[in-house]
Amino acid sequence: MLNLVIFGAPGSGKGTQSEVLIAQYGFDHLSTGDILRAEIKAESELGKAAKSYIDAGQLVPDSLIIDMIEKVLQERQPKKGLIFDGFPRTVPQAEALDALLSKHATAVHAVLDLQVAEDELVERLLKRGQESGRSDDNLETIKKRLEVYHAQTAPIAQYYAQKGVHHAIAGSGAISDITARIAAVIDALG
Ligand code: B4P
């Protein structure tokens, strides 16, 4: 059972590559962004609390996210592997994930860090905003999300590099070429 973290800036292709990996390997998928958007749609207490942060391009507080992940992990029984998409996003979240996994005598096996130039990230997210109408895909919020990514999320790469599980993946080009780069890392895990 593999625990994989798909990591990268907003718009780096985390959700896109997760979908392909689910189809290719039969992995389960846990996207904090998708769960939060579903909670907002359902107008739950968590959704109401999360909406203002997401619309402002800020991260939802760690305590809310970690409680949410604990609950979701109790409900899931992945067989082949689990892709964490958009989580962890801060070092405290990464530490909480390690603690949760170690309770089940397991750990993060690989962090797949999709690296894409900033102007391409902005271009992709603006295009998605036009197509999907996602409330956080507008220029002002995208800029804020990128700032937050550099300040709070990017340091996680170093955290996992020290554990020897960080893999930099070139995240530009055809979706299938990027999947092939990721698959080479997963297949080498055995
Ligand atoms: P997410 O839903 O995780 O959104 P995201 O980081 O913007 O990336 P996403 O996965 O959606 O996009 P992708 O890169 O696949 O988070 C949304 C918000 O929720 C956060 O800002 C935060 O407020 C909150 N949140 C979520 N998790 C949290 C946590 N753990 N802690 C605190 N807060 C949290 O793709 C983007 C676009 O690029 C797509 O339209 C795709 O079609 C396109 N694309 C992908 N690959 C491409 C390629 N190779 N070429 C061209 N286009 C490509």
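Leu-4 stands opposite Ile-83 in strand 3, and that pairing is a handy way into this predicted model. Five bridges join strand 1 to strand 3, and the two run parallel. Strands here are DSSP runs of E with at least two residues, helices are runs of H or I with at least four, and both are numbered from the N terminus. Two strands pair if DSSP finds at least two bridges between them.

Some ground rules: local features need pLDDT of at least 70 and side-chain atom pairs count only at pLDDT 80 or more, while totals for chains, interfaces and linings use all residues. Residues are numbered from 1 along each chain as its sequence is written, and side-chain values use heavy atoms, with hydrogens and water left out.

- Five strands make an open sheet in the order 2-3-1-4-5, with parallel pairing.
- Strand 2 (28–31) and strand 5 (166–170) sit at the edges with a single partner strand each, so one side of each has no neighbour in the sheet.
- From one strand to the next, the twist averages 25°. (Angles run from 0 to 180 degrees between N-to-C directions, and axes are lines fitted to C-alpha atoms, for helices over the stretch in contact.)
- Helix 8 (residues 155–162) packs on the sheet, where it touches strand 1 (2–8), strand 4 (110–115) and strand 5. Its direction makes about 130° with that of strand 5. Contact means heavy atoms within 4.5 Å.

**Who pairs with whom**

- Strand 2 and strand 3 (residues 81–85) are parallel and share four bridges; Ser-31 has Asp-85 in strand 3 as its bridge partner.
- Strand 1 also runs parallel to strand 4, joined by five bridges, and Ile-6 stands opposite Leu-112 there.
- Strand 4 and strand 5 run parallel too, with five bridges between them; here Asp-113 stands opposite Ala-168.

**Burial in the strands**

- Seven of the seven residues of strand 1 are buried, so the strand is largely enclosed by the rest of the structure. Buried means under 20% relative accessible area, exposed means over 50%, and partly exposed is in between (1.4 Å probe, protein chains only).
- Both faces of strand 1 are covered: Leu-2, Leu-4, Ile-6 and Gly-8 are buried on one side, and Asn-3, Val-5 and Phe-7 on the other.
- Strand 3 is likewise largely enclosed, because five of its five residues are buried. Gly-81, Ile-83 and Asp-85 lie on one covered face, with Leu-82 and Phe-84 on the other.
- Strand 4 is mostly covered, with five of its six residues buried.

**Cores**

- The largest nonpolar core has 36 residues, and those with the most contacts inside it are Leu-30, Leu-36, Phe-84, Leu-97, Val-108 and Tyr-160. Such a core is a set of buried Ala, Val, Leu, Ile, Met, Phe, Trp, Tyr and Cys residues joined through side-chain atoms within 4.5 Å.
- Helix 4 (residues 62–75) gives this core its largest share, five residues.
- Leu-36 touches Leu-46, Ala-50, Ile-54, Val-60, Ile-65 and Met-68, leaving aside residues up to four places away in sequence.
- Another core of 16 residues lies apart from the largest one, and Leu-21, Phe-27, Val-185 and Ile-186 are among its members.

**Helix 2 against helix 4**

- The axes of helix 2 (residues 32–41) and helix 4 come within 12 Å and cross at roughly 95°.
- The two helices are therefore roughly perpendicular to each other. (Under 35 degrees counts as roughly parallel, over 145 as roughly antiparallel, 65 to 115 as roughly perpendicular and the rest as oblique.)
- Thr-32, Ile-35 and Leu-36 in helix 2 meet Ile-65, Met-68, Ile-69 and Val-72 in helix 4.

**The loop at Pro-78**

- Pro-78 is found in the loop between helix 4 and strand 3.
- Pro-78 touches Met-1 and Asp-28, not counting residues up to four places away in sequence.
- The C-alpha atoms of Pro-78 and Asn-3 are separated by 9.7 Å, though the two residues are 75 apart along the chain.
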